[in-house]
Amino acid sequence: MTEQEQQPYRATPARRALAFVRNTWRGLTSMRTALILLFLLALAAMPGAMLPQRSLNEPKVQQYIAEHGWWGELLDDLGFFAVYGSVWFSAIYLLLMISLVGCLVPRSGEYVRSMRARPVLTPRNLSRLPHHATGAVASDADDVLAAARSRLKGWRSSERDEGEGVRSISAEKGYLRETGNLLFHFAMLGLIVAFAIGKMFSYEGQVIVHADGSEFCNSGIYAYDSFNPGLRVDGTGLNPFCVRVNDFQPTYTDIGQPLQYRADLEYSSGAELASNTWRPYQLAVNEPLRTAGDRVYLLGHGFAPVFTVTFPNGEKRTQATQWRPADQTTLLSDGATKFDPPGITDSEKRRENQLAITGLFAPTPVFHGKILSSGGPRLTDPAVAVDVMKGDLGIDSGYGQSIFSIDQSQVEKGALERVARENLRVGESVTLDDGTEISFEGVQRWVSLQVSHDPTQLWVLGFAVAMLVGLALSLLVKRRRVWVRVVPDGEGRTVVEVGGLARTDQAGYGDEFDEIAADLLNQDTRSP
Amino acid sequence: MPVDETLSRFSDWSYNTATLIYVLAMVFFAVEQAFGRAGRLRTAAPRRELVGVSASGATDPATLTPASNAIGASDAPPLTPAARRTTSRAARFGRMGVALTVLGVLLHLAALVLRGLATSRVPWGNMYEYMMAVCLIAVITWLVVLRKYPSVRHLSVFVLLPVVILLFVGGTMLYATAAPVQPALQSYWLIIHVSAAIVSSGMFLVPGVASILYLIRDRHESNPSRFAKVAGHLPGRSVLDRVSYRTTVLAFPIYTFGVLCGAVWAEAAWGRFWGWDPKETVAFVAWVIYAAYLHARATAGWRGRPAAWINVTGFAMVVFNLFFINLVTAGLHSYAGVG
Ligand code: HEM
């Protein structure tokens, strides 16, 4: 090579950069890369099934980290407890999406071209094809071609004159395969985008509501016990609706297996709120209430024992605080019902006299000596086993505390003392040394509700259905070709040659080809 | 909905008998697998089969040559009359094996139907019933494959082996007495979602086994001293590959449909259509792996052995999803666990 020839090819930085971009793009959009990215995606998704995840079970994540020391912390730093939001997981699926787009753009162009193109020329030697048949028929070339044309109705075909009286038809079928394939891939792209947008604008909130006509209104984050907003949700402008829970009725088999949970609701949404119009709804598992663009689910249920405290001065206070089921099959529950002494304004003094009734609640009590357990989830003469605690509950300390338990550190500090321990049935009571009487009045039920909002879920569904249709077409439709060549033998007979090729490795074309060939070659019997 | 104890007992009886009959069928197939080489040569010979085989392989030059159409027989030497007699006897064993398998399927089906009648619900409400149904589909799929490819009949022993193991594990360790399902499962989606999962999982067993046999045969071909006992009696790689591909291609859209219905059900039952619950996650992983399998078969350098490995991995994920996720981790799906 001479100097001159080399000159134009000298790699300027710009050119080198361009070449780099082009090569990266080519690499990224090749099938090989797509395959490797698919594996990486599968691999990266696995830890989410094997390790506890923050979004599903935060306490379990904490426990795991505590149990595994530095290893747990390392995993935490690397995002293994929130896999699907981690940098590496996002990186893989973003790369896969780029690869997908890079794949789809040229293929769409090719698709349009191939939809316009005429079926390919008839090969010179049809006998080299995997399917082949030949024979002579007693009709002339025009008739044979006319018969072939009508036999190949529904096929895309084109006819060519090859000279010297030789003519041929090339026909192709199964274009839906490629259509389906593109549909599938585009729908997948749409699904991923819709999913991501949905994640940004969705929210989910949980709330416990007593089943005694209590109401819940979707008016803001404060109305919820817990709330998980998407990135673009700040808790304002939630869809307005209210739910009133009038009753909750479970049904069980004889052995206490649940058959059916149903909550008796009334709800009012949007403009109905102003006019105070309420509509009834039976909320059940698998049958969420859909209103105002949100959904309300029945997640769980439990009991709230009702306690009345009669203070020495004769004042009464009644409370029904929800206790949480500790055992899902027997609904043995635990909790803490907390009381402030009435009529005491001095906060110092009030804090010395707070009360908490803690312990166990059993819907169907079974006593082993004095130990209470539950024999089943049904309410049959319920009982509680309670410790009455008196002193400073620590509620004013500024730290939030669980409504289901007392602050153990107050007990350890000696600020909170046990003043009674008793098993009570409904109607029974216990009297403290100072004359305070605590009676177990009965039990209420509560339900835990979840409100979900996801503005794109119907889009996701639509794309998913399109994917499925596309997939089925692309996997099950066969792309196949058939060629017919007629050669007049000059004596009124015509030599017919048929060749066939399936372009995709699908079985079954053999039978279809044999039928076509038989129809075209058995002209003698049909045409006079 | 009271449970009918008598019907439930009949169901158990059918289940056990079906398992025993499959074991018996395996013995017959094993005889054919061990002695019947020429039997296969003959079934491979009819022209129809030749056409069927070559029709598909336009993109694969190897299948265009007639030699490779003689399925698994390219290495078979001409037979002596004595050998021919042994092989035709072997073929008779194979046919009896099929007859037994059909009988097994009927009893197996009866076991499932009786369970449904006993509990007045669809008979796939717990893991025992689910496995029973998956195995039934696997055997039915195999019988359909046999109709299309009679020449692979002697491989039945390899398909029945995992089925019998699963049935045994199901009947002993996972057995659950007939009972109604809990409220969360009372939905028509239980019928749609779970039956799609059952059908696709059962179908996936067949390509899983065929791909393992492919890998064995492949090892043997690159080094004849390996797996000499078994591999010499296996059909050619292209047949195994085709059995895997065709079955996978049918099962994959059904599987996709099942996952989609699962998402729709999850929206109604759990408040979101996708939440990366362990079962959902592994279903997603298996789905991606099968998609990779289909891509691999369309990518130069990935056909054949890599594709077979991917298919085996896909089935391993399906099995992992059934056992590990149901029995070891706790997720929303766990109530489908052991009765
Ligand atoms: C989550 C990611 C993906 C999934 C689940 C997926 C799934 C599928 C499925 C199920 C098929 C049908 C296979 C067949 O026709 O045999 C297919 C075909 C195809 N996909 Fe993808 N795909 C994904 C990403 C991609 C990407 C990133 C590319 C491009 C680099 C790509 C290129 C193709 C091509 C070229 C085909 C046609 C193969 C053939 O000729 O049969 N796919 N894909």
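How many residues of chain B are in contact with chain A, and with how many residues there? I get 64 residues of chain B in contact with 61 residues of chain A, where contact means heavy atoms within 4.5 Å.

**Ground rules.** I'm working with a predicted model, where local features need pLDDT of at least 70, side-chain atom pairs count only at pLDDT 80 or more, and totals for chains, interfaces and linings use all residues. Residues are numbered from 1 along each chain as its sequence is written, chains are lettered from A and ligands numbered from 1 in the order in which they are written, and side-chain values use heavy atoms, with hydrogens and water left out.

**The A/B interface.** I looked up the buried area, that is, the accessible area (1.4 Å probe) that two parts lose on being put together, summed over both. Chain B and chain A bury about 5000 Å² between them, and 68% of that is on carbon and sulfur atoms.

Next I checked the charges. I find two salt bridges between chain B and chain A (a side-chain nitrogen of Lys or Arg within 4 Å of a carboxyl oxygen of Asp or Glu). One of them joins B:E267 to A:R295, at 2.9 Å from N to O.

Which elements of chain B give two or more residues to the side that touches chain A? They are α3 (47-56), α9 (237-269), α10 (278-296) and α11 (305-327); helices (H or I, at least four residues) and strands (E, at least two) are DSSP runs, numbered from the N terminus. The most comes from α9(B), with 14 residues. By type, I note 44 nonpolar, 13 polar and seven charged residues on that side of chain B (nonpolar is Ala, Val, Leu, Ile, Met, Phe, Trp, Tyr, Cys and Pro; charged is Asp, Glu, Lys and Arg; the others, Gly among them, are polar).

**Salt bridges elsewhere.** A:R479 and A:E172 make one at 2.8 Å, N to O. A:R479 is in the loop between α12 and β22 (480-488) of chain A and A:E172 in strand β3 (residues 166-173), 307 residues apart, so I logged the pair as a link between distant parts of the chain. Both A:R479 and A:E172 are buried (buried is under 20% relative accessible area, exposed over 50%, partly exposed in between; 1.4 Å probe, protein chains only).

I also noted A:E512 with A:R480, a salt bridge at 2.8 Å, N to O. A:E512 lies in helix α13 (residues 509-521) and A:R480 in strand β22 of chain A, so this pair ties together parts 32 residues apart in sequence. A:E512 counts as partly exposed because its relative accessibility is 21%, while A:R480, at 12%, counts as buried.

In chain B I found a salt-bridge network linking B:R217, B:D218, B:E221, B:R237 and B:R305.

**Two single residues.** Is B:G202 buried or exposed? It is buried, because its relative accessible area is 0%. B:G202 sits in helix α7 (residues 188-222) of chain B and touches B:V134, B:I137 and B:A138, not counting residues up to four places away in sequence.

A:T456 is in the loop between β21 (437-453) and α12 (457-476) of chain A. It counts as buried, because its relative accessibility is 10%. Leaving aside neighbours within four places in sequence, A:T456 is in contact with A:A194, A:I197 and A:G198.
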